[in-house]
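Subject: Structure handover

Hello,

Here is the structure I promised to pass on. Please open it beside this email and follow along.

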Amino acid sequence: MLIGEEPAIVRRFRGSRTLAVSTGVAAIFAAYFIVIWAITSHGYFWPVWPILAFAIVLTAELAGVLLGSPGRAEMAERIETLETTRAGAVVEQDTELRRIERDLHDGAQARLVALGMSLGMAEQKLADDPERAGELLAEARRGAEHALRELRDLARGIHPPVLADRGLEAALASLASTTPLRVELSVDVSPRPQPAVESAAYFVAAESLANAAKHARAKRVEIKIARHGDMIELHVRDDGQGGANPEGSGLRGLRRRVEALDGTLSVISPRGGPTTIRAQLPCE
């Protein structure tokens, strides 16, 4: 058994594996020297000098541990967690960018191409077939309306303009007005948090609301967002059937978004409901 690999032993040495190993090695050598002294003679106790040297080295190491940054193990673990969540956020961002590119290509871009073709055909028929040209222009107008609607939906999915202009309460009120569910909304985040925190809170609420409508068969959703000191706390609770999978792609993406800002997200969704999603986001 290696002393430095035993967590219980390492914890006794302020979490320092080096100090734990050095102490073990010093103890072994001290015992070895004492045994030699006991076998060879019982005169002058010469092992005191190597033992004193070990003690000085161990004292120096202990001083380094005590004077070092407190909670180094916890800090290292935190750094590792942040690196992991940042990497997850980058992956999530790349996936989101690919989705936006696909939506633009298959949606608005295709409609705009069709719009250009309709306008070209209308231009050709304007002189000899005004009636057909009128039909093509009407078709082009409808295509332009559809393309504009798709672009607005896409922009809303990236970052709703109302969120940037008027904040969380207005953005979530606008979102709630478009859902068939009964939404009880309470927002108190004054002073207004940073845009990244505000955006994360919005998308947690928006995704939770969408899940409640699509999958949970809920009729009522309660959304509460409040600021407590330097933290934003968000609770979304629905009266649906529960059973939400915290590792599903949607919730996993939300967790990455929240953890990338050094926040936390938890999901409680027993079979039969209700589902409660809770997020905490630092805002200073």
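Glu 198 is buried, with a relative accessible area of 4%. Its side chain still has a charged partner: Glu 198 forms a salt bridge with Arg 192, and the closest N and O atoms are 2.7 Å apart. Arg 192 is partly exposed, at 43% relative accessible area. Please keep in mind that the model is predicted.

**Other salt bridges**

The count comes to 7 salt bridges. One of them joins Glu 135 and Arg 132, at 3.1 Å from N to O. Both residues sit in helix H5, which covers residues 130-158. They are 3 residues apart, about one turn of the helix. Glu 135 is partly exposed, with a relative accessible area of 41%. Arg 132 is partly exposed too, at 29%.

Another bridge links Glu 184 with Arg 182, at 3.5 Å from N to O. Glu 184 is partly exposed, at 32% relative accessible area. This pair belongs to a network of salt bridges. The network links Arg 182, Glu 184, Arg 220, Glu 222 and Lys 224.

**The chain as a whole**

The protein chain has 9 helices and 5 strands. Along the sequence, the pattern reads α-α-α-α-α-α-α-β-α-β-β-α-β-β. Of its 284 residues, 31% count as buried. The chain exposes about 17,800 Å². Carbon and sulfur atoms supply 58% of that area.

**Helix H7 and its neighbours**

Find helix H7, residues 168-176. Its buried residues are Leu 168, Ala 170, Ala 171, Leu 172, Leu 175 and Ala 176. What do the buried residues of H7 pack against? They pack against two helices, H6 (161-166) and H8 (195-214). They also pack against two strands, E1 (182-188) and E2 (220-228).

**An aromatic pair**

The count comes to 1 aromatic pair. The rings of Tyr 202 and Phe 203 have their centres 5.2 Å apart, and their planes meet at 85°, so the pair is edge-to-face. The cut-off for that label is over 60 degrees. Are these two residues buried or exposed? Tyr 202 is buried, with a relative accessible area of 4%. Phe 203 also counts as buried, at 12%.

**Strand E5 and its partners**

Strand E5 covers residues 275-282. This strand is mostly covered: 7 of its 8 residues are buried. Which strands pair with E5? Strand E3 (residues 231-238) runs antiparallel to E5, and 8 bridges join them. Strand E4 (residues 264-268) also pairs with E5 in the antiparallel sense, over 5 bridges.

In E5, Ile 277 is the bridge partner of Val 236. Val 267 stands opposite Ile 277 as well.

E4 and E5 form a hairpin, with 6 residues between them. Gly 272 lies in the turn and has a positive phi of about 95°.

Which helix gives the largest share of the patch? That is helix H3, residues 48-67, with 4 residues. Trp 49 has its place in helix H3. Trp 49 is exposed, with a relative accessible area of 52%. That value passes the cut-off because exposed means over 50%.

**Where to start**

Begin with Glu 198 and Arg 192, the salt bridge at 2.7 Å. Then go to Ile 277 and find Val 236 across from it. Finish at Trp 49 in helix H3.

Best wishes

Key. Residues numbered from 1 in each chain as written. Predicted model: local features only at pLDDT ≥ 70, side-chain atom pairs only at ≥ 80, totals over all residues. Heavy atoms only, no water. Phe/Tyr/Trp six-rings, centres within 6.5 Å; stacked < 30°, edge-to-face > 60°. Buried < 20%, exposed > 50% of the residue type's maximum accessible area, 1.4 Å probe, protein only. Salt bridge = Lys/Arg side-chain N within 4 Å of Asp/Glu carboxyl O. Contact = heavy atoms within 4.5 Å. Areas by Shrake-Rupley, 256 points an atom, 1.4 Å probe, with all protein chains shown as cover. Pairing = 2+ DSSP bridges.
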